[in-house]
Amino acid sequence: MFDFETVIDRSNSDSHKWQKYSGRDVIPMWVADMDFPSPPAIVDALRRRIDHAIFGYGSPSPQLKEAVIAYLHESYSWDVSGDWIVWLPGLVTGLNVACRSWGRPGAGIMTALPVYPPFLTAPGLAGKRLRTTRLSFEDQHWQFDWDALQNTIDARTAMFLLCSPHNPTGRVWTRAELETLSAMCLKSGMVICSDEIHCDLVLEPGCRHIPTATIDPEVADRTITLMAPSKTYNIPGLGCAFAIVSNPKLRMRFKRAMAGIVPHVNVLGFVAAQAAYQHGKPWLAAVIDYLRRNRDQVVDRVRQWPGVTMGPVEATYLAWMDMRALGGKNVAERFEEAGVGLSDGAAFGAPGFVRLNFGCSRNLLVEALARMTRAIEKWDIPCSAIDSNFD
């Protein structure tokens, strides 16, 4: 029904992803933006809206609110009131607004590394202190280090920024993990800001995304949930996201932090979001199946690379690879020289790692992995790295 194989030439378009390497033979696999056409239902809805030919300031339609509420109920058994929804022009905007909305100047805002780079910049932009702990990689699995997390919290830590599902590691946090984290945050009087933009892209059978705010009413009362259809349906350029804040006082503070600096949502973004939530399920099922097979292609190839490790990608279309054993911290630059543009782990708080976006046609992915293989074969890899592949 849907074509994910045809490569659409974006090299001379307005694509941020492809413009980075304009005029160079580099396959861009960095920013989280898929190379697939958006669902036909969204494209058709946009055409109808464009034919209207008037693009004044817009507001979300009652049908869009109903579609979001129905989506949350059907997907997560989460019953949300329409007045809990705060519309935003993007999820990164939501992260920054959340950091501005809670805690006194200089208060601590905490997150766990590695993590999506805006998590690391938003606290400082809000006049707060960034506090970080680290996820641990044990038994080939990324997980919270509860002792380290607890030891990082202090009396001035006001908020925890959670990425769920996690970017870049691809983890889908379990209920037990979310319960433990929430209990620690509530005990310390912290608010949780939960970025759940990748929630619909769960690839691993048996894994299920659980919105943090559904853990229990007390957790919901201190949680700001950020969601958007942008990653799921490949419409990030249309700029439509939303926060769900059930606590009226917390919601008022969030809205107050938006005042005067956050613009209206793009009218086409509203249209695309409504079409996505009303008619996007068949396309989503198909793209998840395609992404799952792309992920497996990456896993099979990484197993052949000496010294390189990668945890299970349970969700997202992003593969997080530990390249430290190959020597040096400039591995992303070396792959770029070999014709593959990856995200450098340093921006995520983890030098020596790279993030690969496999949301593309399989032929393009196969070519990128082949280029990476040829590059690795030319490197002078330490014997210890080769040995570690067989531990």
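Colleague: What should I know about the model before we start?

Modeller: This is a predicted model: local features need pLDDT of at least 70, side-chain atom pairs count only at pLDDT 80 or more, and totals for chains, interfaces and linings use all residues. Residues are numbered from 1 along each chain as its sequence is written, and side-chain values use heavy atoms, with hydrogens and water left out.

Colleague: Okay, the sheet. In what order do the strands come?

Modeller: Seven strands make an open sheet in the order S2-S10-S9-S8-S7-S3-S4, with mixed pairing. Strands here are DSSP runs (E, at least two residues), helices are H or I runs of at least four, and both are numbered from the N terminus. Two strands pair if DSSP finds at least two bridges between them.

Colleague: Which are the edge strands?

Modeller: S2 (85–88) and S4 (129–134), each of which pairs on one side only. From one strand to the next, the twist averages 25°.

Colleague: How many residues of S9 are buried?

Modeller: Five of the five residues of S9 (residues 223–227) are buried, so the strand is largely enclosed by the rest of the structure. Buried means under 20% relative accessible area, exposed over 50%, and partly exposed in between (1.4 Å probe, protein chains only). Thr223, Thr225 and Met227 point one way from S9, while Ile224 and Leu226 point the other way.

Colleague: How many bridges join S3 to S7?

Modeller: Three bridges join S3 (residues 108–113) to S7 (residues 157–163), and the two run parallel. Met110 has Phe160 in S7 as its bridge partner.

Colleague: Switching to helices: which strands does H10 lie across?

Modeller: H10 lies across S2, S8, S9 and S10, running at about 20° to S2. Axes are lines fitted to C-alpha atoms, for helices over the stretch in contact, and angles run from 0 to 180 degrees between N-to-C directions.

Colleague: What about H10 and H4, what's the angle there?

Modeller: H4 (residues 91–101) and H10 (residues 248–258) pack at about 110°, with their axes 8 Å apart. The two are therefore roughly perpendicular to each other, a label used for 65 to 115 degrees, with under 35 roughly parallel, over 145 roughly antiparallel and the rest oblique.

Colleague: Which residues meet there?

Modeller: From H4, Gly94, Val97, Ala98, Arg100 and Ser101 meet Arg253, Phe254, Ala257 and Met258 in H10. Contact means heavy atoms within 4.5 Å.

Colleague: Last topic, Ser182. Where is Ser182 found, and is it buried or exposed?

Modeller: Ser182 is found in H7 (residues 175–187). Ser182 is buried, with a relative accessible area of 1%. Leaving aside neighbours within four places in sequence, Ser182 is in contact with Ile192, Thr212, Ile215 and Val219.

Colleague: And Pro28?

Modeller: Pro28 is in S1 (residues 27–28) and counts as buried at 3% relative accessibility. Leaving aside neighbours within four places in sequence, Pro28 is in contact with Lys17, Trp18, Tyr21 and Gly341.
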